[in-house]
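Q: Got a model here to walk through. Can we start with the overall build and then go to the rings?

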Amino acid sequence: MPTQEEKGGWFDALTTPLNACSLETYFPITRDDGINSSSDKPSDVPLVVGCYQLNESSQSEPEDPDTASSSAGSSRCGELRLHMIPTPSTSKTEMQFGDAACVLQMESGVLDGKWKRRRKNNQTAVEIPLFASACASGSIHIHGLEKNMSTDSTTDTTSWSLNHLASTDGQSDIGLCLALAWNDYLNESEDQIVSSYSNGEVAMHQVSYH
């Protein structure tokens, strides 16, 4: 394992397959109680890395970066990478990314992403963290962080996933969705997201979950 000096003073480092454009952490989540958080129990910090890569066209004309449409042969690919980073029992320098707990291939590059602090799941009364991502297609996607228990009674293995909950329709006339933010000041039944686009527009969305 490289020393801290060899890592340029970082606690840990990793290289993503695609360009990492956005990083967003959430509250520590205890391992035994799932979504609930507690400072005195072993916990993990959810980190989502939003990735973007432009696959260049073989054409001689460069692609216009301010439009969502691509030249022939060019495409934008992206993914969301979820890491559950264990909180150290002693020194913070022990923190490590580890392997990705979940990797989602997106329909286009991810330029920004934000966690909403909390939302109630009416069926289970469990608070589910929500993550919204802004994509080069112009779309916004919302995923919920969920704990998946092992079906094997002989093991105590758990895994985490990002499950799709809602999306907007990408519109070619608004360009890339560059950034977004949750409006966290409304009640749980009236979530809103504000987003900006490469054509200069700033829009507000009322979120509906299906």
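Q: How many helices and strands does the protein have?
A: Zero helices and 14 strands. Both are DSSP runs numbered from the N terminus: helices are H or I, at least four residues, and strands are E, at least two. This is a predicted model, where local features need pLDDT of at least 70, side-chain atom pairs need 80 or more, and totals for chains, interfaces and linings use all residues. Residues are numbered from 1 along each chain as its sequence is written, and side-chain values use heavy atoms, without hydrogens and water.

Q: What share of the residues is buried?
A: 39% of the 210 residues. Buried means under 20% relative accessible area, with a 1.4 Å probe and protein chains only.

Q: Switching to rings. How many aromatic pairs are there in the whole structure?
A: Three. Rings of Phe, Tyr and Trp (its six-membered ring) pair if their centres lie within 6.5 Å; planes under 30 degrees apart are stacked, over 60 edge-to-face, the rest tilted.

Q: Which kind of pair do Y26 and W115 form?
A: Tilted, at 5.0 Å centre to centre and 45° between the planes. Y26 sits in the loop between β1 and β2, W115 in strand β6, 89 residues apart.

Q: Is Y26 buried or exposed?
A: Buried, at 4% relative accessible area. W115 is buried too, at 2%.

Q: What about W115 and F131?
A: That pair is edge-to-face: 5.2 Å between centres, 70° between planes. F131 lies in strand β9 and W115 in β6, so the pair ties together parts 16 residues apart in sequence. F131 is buried, as is W115.

Q: Which residues make up the ring cluster?
A: Y26, F27, W115 and F131, linked by ring pairs.

Methods:
Buried < 20%, exposed > 50% of the residue type's maximum accessible area, 1.4 Å probe, protein only.
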